[in-house]
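This briefing covers selected local features of one chain.

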Amino acid sequence: IVAVEMDPAWASGLTAAVLGGGALLFLVKRRSEQQRARDKVQAARRRRDASLRRAEEAVRRFQETVLSLSPAELAAQCRDGALSPRRVLHVYMEKALEVQEKLNCCTDFLMESQQQLAQLEGQRDGLLYGVPVSIKDSLGYTGHDSSCGVICKLEDPAAEDSVVVKVLKRQGAIPFMKTNIPQGLLNYDCSNPIYGLTLNPQNPQKTPGGSSGGEGALIGGGGSILGLGTDIGGSIRIPASFCGICGFKPTSNRISMRGLSSCCPGQKSVGTSIGPMARDVDSLALCMKALLCENMFVLDPTVPPIPFNEQVYLSTKRLRIGYYENDGMQQPSPSMSRALRDTKDLLERAGHTVFPRLTYAIYELFCKGVLADEGATLLNSMKGGPIDPCLKGQTVPYGLPWLVKKVLSVLLKPISPRLSSSIDALCGVGSVPALWKNHAAVEVTNTDNYIHEVVSEWRRLELDVMLCPMLGPAYNHTYAGKLTCALPNTTIYNLLNFPAGAVPVSTVTAEDEANLNHYKGNFQDYWDKVFVKAVRGAEGLPVAVQCVALPWQDELCLRFMREVEQLVREKNQI
């Protein structure tokens, strides 16, 4: 063995190098382990985030699937167990709350819908089993106000459900939301001092229409699949038109009105109708079929026991269709006229025969009938609170003394004949004999009256149904109260008690908007100028047409609406 003497300095350096290298290796190894740990954490987080995204996507797809189903499809899937009514309700609750946040369209959430789920099994055979349904504020629901947008009706909850709510529940539907209305209901805007202003789902700068405006907004925004509104002058059809959905006004008293609240009880000249609102015509027909059942006829024996005639609804017989573009009162907007002509052409190409329109009188019968008391009952219901800005332009003349209104009517006649007629109509009828005379001029039993005249002309032309303008596009806010002159297109069919419905067929084009610059109107008066301001800024918004049939031919009217809907759908798919 040979001993080697090592230089102390070199040994010290070697030791240091060895120790340093070990430390470096240790640090490299530790850093590598830390990096692997970080990589594992990041990978785990990526997996978690991806799984959360997949879960969110699955939830979103499920919600979209549920929200895209028709009432018939929804009921079928709930019935066979593919969907749970509880989950369906919660999907619509979530969507309705989202829509409410944007549009302010609801007045009350019906928490009893949660309790109803536990009792739903007994209604499995119902046509609307598991289908969430919204209802207009004025329809009675036990324990909840039917405010009609006026303060005097607050804290006065319904003692029992209205008949239509009872029938809906019996058919397995789940009423879950009450929707907003204009103050007093006799207006086609949607705002009141209690719940505020409702916005249009297509454009928040526009009104959803009224008086069933909350229904139109909620359904148009996707927060409800099916709803019930009421209509005395267009209150279902106008919101349907403004919000791009379908709405149907049945013959008055075809659907029970027991349990319906009103600010003008006792008015008999023009009948109110309860009717459905939905995304498509088949859903309207399903709702009518569900309501027109033995249960409703037992609950309200005053309703004619006429079940839904599905054979008429599903018929493919060629129709003879009456048609008019201008009623002589309010010239349609350019988009209304174009949509109507396009629909007429589609119907003619499909083999239907289209004829000219009829005539009528609106102020002496409709306005004087609805406001026979000079609007006193409506104004009285608004005492104790402010008048909503949307309603002021309409109600200010109501409160003028009778003599002032008469003088104004005379003075305005040479300047604006229809404004003169409108103010004269606000004078009411003046006496009980005059009211009876008004009723006699309308009622069906009198052969020398307006309805008889219209029906005779309808029969002479051998018409099945009528195609006519539907008010639109949606107004800018606050204009509805200034333009009662635009309502004859819808109010006439309340006066006649003809079933009528609105079907969206087109949207406003840039050309339609430009053509407003050339709009003159039928009278070139103040109202015609205001109408242009009301409908401006509507490019892309929906436009509808109105379909009409004779009294008690509700199924034929719906069949006509479905024909229009299908032809438009086929055209858009080309």
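In the class counts used here, Ala, Val, Leu, Ile, Met, Phe, Trp, Tyr, Cys and Pro are nonpolar, Asp, Glu, Lys and Arg are charged, and the others, Gly among them, are polar. On that basis, the lining of the second largest pocket has 10 nonpolar, 11 polar and 3 charged residues. The model is predicted.

**Second largest pocket**
- The volume of the second largest pocket is about 500 Å³.
- Its lining consists of 24 residues, and those nearest the centre are Ile232, Leu260, Ser262, Cys264 and Thr272.

**Helix H3**
- Helix H3 covers residues 85–103, and its 19 residues should span 27 Å at 1.5 Å a residue; the end C-alpha atoms are 26 Å apart, which agrees.
- An α-helix has 3.6 residues a turn, so residues three or four places apart point the same way.
- The buried residues of H3 are Pro85, Val88, Leu89, Val91, Tyr92, Met93, Ala96, Val99 and Leu103.
- Asn104 follows H3 and has a positive phi, near 55°.

**Cysteines**
- How many disulfides does the model have? The count comes to 0 disulfides, with the cut-off for a sulfur pair set at 2.5 Å.
- For Cys152, the closest cysteine sulfur belongs to Cys263 and is 6.2 Å away, so the pair is too far apart for a bond.
- Cys152 is partly exposed, because its relative accessibility is 46%.
- Cys557 is likewise in no disulfide, and the nearest cysteine sulfur, in Cys547, is 6.2 Å away.
- With a relative accessible area of 0%, Cys557 is buried.

- Leu83 sits in the loop between helix H2 (71–79) and H3.
- Is Leu83 buried or exposed? Its relative accessibility is 10%, so Leu83 counts as buried.
- Beyond four places in sequence, Leu83 touches Phe62, Val66, Leu69, Leu74, Gln77, Cys78 and Val88; of these, Val88 is one of the buried residues of H3.
- Leu83 and Gly130 are 47 residues apart along the chain, and their C-alpha atoms are separated by 9.0 Å.

**Loop between E5 and H6**
- Leu199 belongs to the loop between strand E5 (196–197) and helix H6 (213–220).
- Outside four places in sequence, the contacts of Leu199 are Lys102, Leu103, Pro204, Lys206, Pro208, Ala217 and His477. Leu103 is among the buried residues of H3.

**Other backbone geometry**
- A cis peptide bond runs from Gly472 to Pro473, with omega near -5°; Pro473 is in the loop between strand E11 (465–469) and helix H19 (488–495).
- Glu155 is not a glycine, yet its phi is positive, about 55°. Glu155 lies in the loop between strand E2 (132–136) and helix H5 (163–170), and it counts as exposed because its relative accessibility is 77%.
- Glu462, also not a glycine, has a positive phi of about 55° and is found in the loop between helix H18 (450–460) and E11.

**Ser420 in helix H16**
- Ser420 is part of helix H16 (residues 417–425) and counts as buried, at 4% relative accessibility.
- Its contacts beyond four places in sequence are Ser409, Leu412 and Lys413.

Methods. Residues numbered from 1 in each chain as written. Predicted model: local features only at pLDDT ≥ 70, side-chain atom pairs only at ≥ 80, totals over all residues. Heavy atoms only, no water. Helix = DSSP H or I, 4+ residues; strand = E, 2+ residues; numbered from the N terminus. Buried < 20%, exposed > 50% of the residue type's maximum accessible area, 1.4 Å probe, protein only. Contact = heavy atoms within 4.5 Å. 1 Å grid on protein atoms, 1.4 Å probe; cavity = no way out; pocket = protein on both sides within 12 Å on 5 of 7 lines; lining within 4 Å. Points joined across faces, edges and corners; volume = space filled by probe spheres on them. Expected span 1.5 Å × (residues − 1).
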